[in-house]
Amino acid sequence: MNKKIKFQDLGTKDYKDTWDYQEELFAQIVQQKIAKRENPTIETDNYFLYVEHPHVYTLGKSGDFSNLLLSEKQLEEKGATFYKINRGGDITYHGLGQIVGYPILDLENFFTDIHKYLRLLEEAIILTLAEYGLKTERSPGETGVWFDVGTPFARKICAMGVRASRWVTMHGFALNVNADLGFFDNIIPCGIRGKGVTSMHVELGREVNEAEVKQKILFHFQNLFQNEWL
């Protein structure tokens, strides 16, 4: 079992280019797993990508297109793009001021439980936010990290959507740090009506150092997954 994870911060990168890159790494790991059947000494790779995307809306494979409230022309006017993709979940937004993390892992190096995987991703974010005095939690039946669950003020700060095949993961989480939340007004986020979206900037009332947040996420992720960074 290889618990080493190759870390890459891609900076600001187009969504489609990043998706293609994820698919390359995903396919590489799957091929390693196939080869491993013949040669058990082969180790499968793991990756963790950080990226910030220009304005983009993405719709999961089971999502409802009507949750995008913009026409193609309106998307162009806002300088945003749209993609229907192969992760779980409904519609979400990615943009500047948001930390997006894509763990591309062979879960057989860690544990074979996709629900545990999602809960640990959530936990890494919950523990990170707690370092800023922000108390967040899970919402039953709704993946991601939330404030004030079960109240009229429930609001999501981190969305999650993953794909897993042959126990290899891709896609991941998007944490709103200093993001422009106005872009969420153009969708029904994650297909959930009547619940808001927030950011660290809004909750703390100040700009937040994104590089610092990234380091804290990596620290908690490592404690939870017991991995080594490369």
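## Contacts of Met200

Met200 touches Leu129, Tyr132, Leu134, Ile157, Leu175, Asn176, Val177, Gly205, Val208 and Val213, leaving aside residues up to four places away in sequence. Contact here means heavy atoms within 4.5 Å.

The model is predicted: local features need pLDDT of at least 70, side-chain atom pairs count only at pLDDT 80 or more, and totals for chains, interfaces and linings use all residues. Residues are numbered from 1 along each chain as its sequence is written, and side-chain values use heavy atoms, without hydrogens and water.

## Nonpolar cores

A nonpolar core is a set of buried Ala, Val, Leu, Ile, Met, Phe, Trp, Tyr and Cys residues joined through side-chain atoms within 4.5 Å. Buried means under 20% relative accessible area, exposed over 50%, and partly exposed in between (1.4 Å probe, protein chains only).

The largest nonpolar core has 33 residues, of which Ile125, Phe173, Leu175, Met200 and Val213 touch the most other members. Apart from this core lies another, of 17 residues, including Phe26, Leu49, Val51 and Val56.

## Aromatic rings

The structure holds 17 aromatic pairs. Rings of Phe, Tyr and Trp (its six-membered ring) pair if their centres lie within 6.5 Å; planes under 30 degrees apart count as stacked, over 60 as edge-to-face and the rest as tilted. Phe221 and Trp229 form a tilted pair, 5.7 Å centre to centre with 35° between the planes. Phe221 counts as buried because its relative accessibility is 1%, whereas Trp229, at 22%, counts as partly exposed.

Ring pairs also link Phe7, Phe48, Tyr50, Phe110, Phe111, Tyr117, Phe173, Phe221, Phe225 and Trp229 into a cluster.
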